[in-house]
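Colleague: I have the coordinates open and would like to go through parts of the fold with you. Could you begin with the terms you rely on?

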Amino acid sequence: MDVTQEAGFGLGDVLVSPSHNTLSAGGKTLKIQPKVMAVLYYLARHHGRVISNEELIRELWAGRVVTHGSVQKSINALRSALVDVMGEQEVIAHYSKRGYQLKIEPHFSELKRETAPALVNSVNPAPKAFIARRWVRLLLLVSLMVLAGLLIYRSLSGRVIAVPKNHKTLFHSTQGYTSETGHERNAVPHPDNEHVAYIREKFNANHQGETESEIVIRNSAGKDWHIATSQGSWFKLGWSPAGQHLVAVEVKRSEGLPFSPNFYEKPNYLYSFHIFSLDLTNNRLLEKQLLSQWQGRISSVTWWDDSTLEFVAKQGPNSSNARYRYSIQDQRLTMLEELDGVTNPIGSAVLNKKTAIASLRKNAIQIDFLDEQQARISRWQLNVAMADISWIPDGSGILVYAEDERKLFTLYLDGEQTQIPLTDVKDRVFSRPRYRPDGQGIFYTEEKRSSNILRVGLDAKQSKVTDNADFNYGASFSPDGERVVYASVRNNQIHLWLVEAGQERQLTSQPIPKKVGNIVWSQDGEYLVFSAGSSLYRYNFKTAETSLLSAEAEKIEPIAYFPESNRLLVLKNNGEVRNLWRINIQNQQQKQLTFGSVGSATEYNGDVFFQYVGEHGLWVLRQKDDSLEQIASKIDENSKLLKLDNKGVYFVRGGLCRESDLYYFDFVTATTTTLLPRDSNIVSTTSFNPQKGLLQTDCYLAEANIVLLK
């Protein structure tokens with residue numbers, strides 16, 4: 001469908017020009033991609049109904065084989081553009097399993113075909129009739145707001161949202177709840193304030209690299225009752241309101257599949273709900289129910305009442321998150337209606353049939369409080385990127401933990417927030433906080449992460465790059481192989497460290513705010529570029545300065561940096577799909593270079609060599625003209641590319657913590673040879689140099705214990 005000859009139209013205060021692919025409002029003009037404009041135009045022409053993915057593909061991608069992900073990508077880009085020119089409001093509604101609908105009525109008759117912005121940051125005057133009607137709508141809106149305010153004032157006069165606060169927010173000490181050597185996590189207190197359910201994990205003696213997971217219930221005397229074991233992993237726990245049932249979500253892989261997905265493969269875990277009916281007085285299992293396996297992804301599970309589960313999940317890789325309820329008695333699954341303004345829920349929690357829903361909105365967390373009839377009590381925006389939520393036992397609000405920011409606080413129904421100071425334990429990871437039912441303490445998991453970086457030469461000899469009790473990761477060889485840079489967590493701060501000639505020193509002067517991802521060197525060895533969360537940073541060896549290069553909405557990974565031309569090659573995520581982009585860091589101009597789903601990628605002599613997810617072979621993106629060509633067809637799909645030379649490519653197969661031997665693929669002979677057999681495959685490789693060998697860390701189960709903040 002070609003919309004370049006279609007007339008412009010009005011969308012609220014925005015002028016839309018399909019022929020120019022622009023959105024204009026308030027003196028600002030924004031250019032969008034033609035396909036994104038086509039989606040907007042089609043939704044506008046059919047604004048009176050919900051448009052399915054299939055219809056959009058049929059009408060706008062006619063003759064091309066595309067997936068629902070292509071539609072989602074255009075919708076995401078369109079929503080982002082509309083936010084830029086209209087501010088935060090829901091313009092495009094999504095109805096699960098049905099499609100999309102424009103929520104603002106467009107005005108086609110009021111704009112003529114030639115109405116369009118002539119220059120960037122310049123907007124042609126709207127027709128007088130259009131302006132007049134806008135003023136009428138504005139006056140009507142103001143009148144309605146005043147009337148609504150008067151009604152709200154009259155209805156709420158003399159009262160506010162009741163927020164009883166029978167709980168502590170200031171704690172003075174910590175007490176170890178579990179102290180065994182191992183991995184105990186996810187403490188969930190029972191309503192009786194006497195028992196706590198938690199998960200204990202250990203390595204499976206019969207299957208290398210896999211873990212064995214147990215559900216344990218500890219009573220007030222400190223005695224443990226083991227109620228279930230999984231060859232996969234217990235994922236979520238939750239007590240029913242009366243405490244008679246415990247729900248546990250089990251996650252595992254299908255029979256015959258390895259314990260982790262292949263590199264760059266979408267996770268395909270199977271989730272099962274187990275319902276345990278328990279007699280805690282006599283430590284008796286009264287009944288166990290196993291619900292059907294869920295193929296998708298479970299984000300949270302809670303109880304609506306004593307016989308009904310509520311959970312947030314997605315069904316399949318291309319669907320979006322939704323809320324579901326499962327009646328245990330009727331064995332019936334119901335998908336709940338999507339709430340206005342809640343398009344991407346990531347979790348829900350229920351207490352006495354009041355619901356708190358956490359959702360993502362423009363890279364931040366939104367919390368909606370609902371009453372028993374699912375009417376909104378209040379809505380609040382949080383300045384955090386991700387959050388774990390649970391109810392405060394007195395019902396006044398929720399406990400929120402933002403792990404990336406290491407921030408624990410309460411959010412009340414009336415919007416008040418109170419930060420809870422955390423005891424500063426060096427190099428410990430804090431997670432999964434839950435209030436004790438009496439409100440006088442908080443259980444949480446405290447994990448000690450420690451790992452050292454090893455260098456494995458091509459002769460299979462190993463040597464330590466680091467030798468300490470810190471969490472060291474992300475190591476990267478310099479181009480000549482003489483230096484190694486890595487990230488390290490020390491005193492709860494992340495910094496980059498350099499190892500050169502057997503000596504190490506700290507590079508960054510200020511802590512890095514989030515976990516470091518990929519680290520790449522410029523070819524001259526004078527610069528580093530690294531990712532942290534969705535931001536990119538550059539370190540200059542000459543000045544010892546770290547600077548922010550870009551801050552994106554989603555995950556970004558650097559591939560190569562060319563300081564002489566200010567070019568940066570990156571992999572950018574759009575939902576679950578990522579592609580190659582080029583960024584000019586001087587003027588921030590960006591260009592998308594691939595349109596598919598890219599897996600592993602590495603640079604050699606300015607060209608980028610990569611694989612598409614789930615496809616055999618190797619592709620190259622040429623620096624000189626951005627052309628694409630397939631240069632090999634026999635390399636296994638979802639390989640992890642480590643390095644290239646002028647004759648071939650070094651790579652490993654497998655997946656996270658189950659890597660293969662090191663292989664070399666020769667371009668001329670199209671054959672693969674084993675370059676370095678490995679004694680253990682339970683490792684994670686981060687860098688390779690043909691003269692120096694591999695940089696890797698061993699995979700292990702970190703020590704973790706449950707702690708009580710009181």
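Modeller: Two strands pair if DSSP finds at least two bridges between them. Helices (H or I, at least four residues) and strands (E, at least two) are DSSP runs, numbered from the N terminus.

Colleague: What kind of model is this?

Modeller: This is a predicted model, in which local features need pLDDT of at least 70 and side-chain atom pairs count only at pLDDT 80 or more, while totals for chains, interfaces and linings use all residues. Residues are numbered from 1 along each chain as its sequence is written, and side-chain values use heavy atoms, with hydrogens and water left out.

Colleague: How many bridges join strand 30 to strand 57?

Modeller: Seven bridges link strand 30 to strand 57 (residues 703–709), and the two run antiparallel. Within this pair, Glu447 stands opposite Ala704 of strand 57.

Colleague: And which way does strand 29 run relative to strand 30?

Modeller: Strand 29 (residues 428–435) and strand 30 run antiparallel, joined by six bridges. Ser431 stands opposite Thr445 in strand 30. The hairpin of strand 29 and strand 30 has six residues between the strands, and Gly439 there takes a positive phi near 75°.

Colleague: Is strand 30 mostly covered or mostly open?

Modeller: Strand 30 (residues 442–448) is mostly covered, since six of its seven residues are buried; buried means under 20% relative accessible area with a 1.4 Å probe, protein chains only.

Colleague: Changing topic, what is the strand order in the open sheet of four strands?

Modeller: The order is 32-31-56-55, with antiparallel pairing. Strand 32 (462–464) and strand 55 (683–689) are at the edges with a single partner strand each, so one side of each has no neighbour in the sheet. Neighbouring strands of this sheet are turned by 30° against each other on average, direction ignored.

Colleague: Which residue in strand 56 is the bridge partner of Phe688?

Modeller: That partner is Leu694. Strand 55 and strand 56 (residues 693–698) run antiparallel and are joined by six bridges.

Colleague: Now the helices. At what angle do helix 1 and helix 2 pack?

Modeller: Helix 1 (residues 34–45) and helix 2 (residues 53–60) pack at about 120°, with axes 11 Å apart. Axes are lines fitted to C-alpha atoms, for helices over the stretch in contact, and angles run from 0 to 180 degrees between N-to-C directions.

Colleague: Which residues meet there?

Modeller: Lys35, Ala38, Val39 and Tyr42 of helix 1 meet Glu55, Leu56, Glu59 and Leu60 of helix 2, where contact means heavy atoms within 4.5 Å.

Key. Buried < 20%, exposed > 50% of the residue type's maximum accessible area, 1.4 Å probe, protein only.
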